[in-house]
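Q: Hey, I'm new to this one. Can you walk me through it?

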Amino acid sequence: MKQQNINNLVRLGELLSKTEQFNDIFDKAEQQNSWFTRANVIFAFKSWSEALSKNNVQQWLSQYQLPQTTSPKKILIIMAGNLPLVGFHDLLCVLVAGHKAIVKLSSDDGILLPYLIKQIRAFATEWAEAVAFTDDKVTEYDAVIATGSDNTARYFEYYFGKKPHIIRKNRHSVAVLTGEETPEELQDLGKDIFLYYGLGCRSVSKLFVPQGYDFNLLFQAIYPYKDIIEEQKYANNYDYNKAVYLMSLYKLLENGFLLLKEDEHYGSPIATLFYEYYTNKEALKKKLATDREKIQCVVGHNFIDGEIPFGQTQTPKLWDYADGVNTLTFLLNL
């Protein structure tokens with residue numbers, strides 16, 4: 001079973017690398033959700049293709065015993081729609097574990113995944129047949145994986161709490177700067193900030209900077225991302241948030257395509273990056289540990305255990321599980 005899973009995943013990675021054959025479906029996805037630009041969708045496909053290399057797949061599955069499942073469970077997956085293929089990893093975990101998936105797609109991302117499932121029928125018929133998409137109320141299921149906001153999480157807990165479940169809430173990612181970063185590291189940080197317009201939980205939405213930090217270093221390094229302001233929806237958010245902040249007499253730093261606002265919260269609006277000063281590294285480490293339930297990723301350079309290097313938040317490995325909860329172990333233990 002493990003070798004068949006490896007073969008299927010590697011074939012899937014090869015399929016996702018051939019982005020030129022998906023032009024029509026990319027157009028349809030962007031028509032449905034204008035945040036899903038061709039560049040963003042291609043980035044998602046290529047990132048998945050690289051994640052599903054033979055070496056990565058073997059390294060991932062080598063950690064698990066994958067017994068032949070004679071009585072597969074029905075797993076209800078409720079997916080978010082903020083990023084292209086945002087629930088793909090959950091679905092792959094269900095298939096690798098030998099279960100069946102009942103998928104409720106977000107109305108913001110209803111095109112890409114059904115199309116991919118049709119494509120994999122050519123080399124993984126058993127996987128294609130194990131996936132069902134539905135808009136109806138689901139009454140028969142054995143476990144739930146649901147992703148949403150803090151508000152929807154309360155709803156999910158109420159309805160699904162009696163079944164085995166993984167329920168994910170809002171999380172945000174942060175970067176810790178020391179002032180010693182190279183221009184290259186700061187430019188890479190721009191990927192973590194601007195990819196997918198900052199809409200993902202792995203998008204950096206807040207900086208922690210030392211007292212007296214020179215933000216010109218950051219602004220100079222991220223200048224190559226300036227063209228993002230040419231995207232109309234992003235520009236609308238930039239203009240709106242700037243107007244709201246100025247009317248409220250907030251002090252802002254800006255460079256024409258990104259607003260910086262001092263704020264203790266983690267989740268910043270689109271086109272805005274919050275920042276907070278720190279004076280003591282150990283105190284900041286304690287704060288990040290205390291707030292770990294709110295944080296998806298910490299980006300930095302030799303600051304804290306488990307940090308992610310600059311520029312790599314949007315290319316997680318197969319063994320990087322959302323919220324630190326091992327989805328595949330959860331599914332194998334049902």
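A: Helix α1 (residues 2-17) and helix α4 (residues 54-61) have axes that come within 9 Å and cross at roughly 145°. The model is predicted, so local features need pLDDT of at least 70 and side-chain atom pairs pLDDT 80 or more, while totals for chains, interfaces and linings use all residues. Residues are numbered from 1 along each chain as its sequence is written, and side-chain values use heavy atoms, without hydrogens and water.

Q: What are the axes and helices here?
A: Axes are lines fitted to C-alpha atoms, for helices over the stretch in contact, with angles from 0 to 180 degrees between N-to-C directions. Helices are DSSP runs (H or I, at least four residues), numbered from the N terminus.

Q: Which residues in α1 meet α4?
A: Lys-2, Asn-5, Ile-6, Leu-9 and Val-10 meet Lys-54, Val-57, Gln-58, Trp-60 and Leu-61 in α4; contact means heavy atoms within 4.5 Å.

Q: New topic: how many salt bridges does the structure hold?
A: There are 12, each a side-chain nitrogen of Lys or Arg within 4 Å of a carboxyl oxygen of Asp or Glu. In one of them, Asp-27 pairs with Arg-38, with the closest N and O atoms 2.4 Å apart. Asp-27 is in helix α2 (residues 23-32) and Arg-38 in helix α3 (residues 38-51), so the pair ties together parts 11 residues apart in sequence.

Q: And Asp-291, is that buried or exposed?
A: Buried, at 13% relative accessible area; buried means under 20%, exposed over 50%, partly exposed in between (1.4 Å probe, protein chains only). Asp-291 forms a salt bridge with Lys-287, and Lys-287 is partly exposed at 27%.

Technical notes: Helix = DSSP H or I, 4+ residues; strand = E, 2+ residues; numbered from the N terminus.
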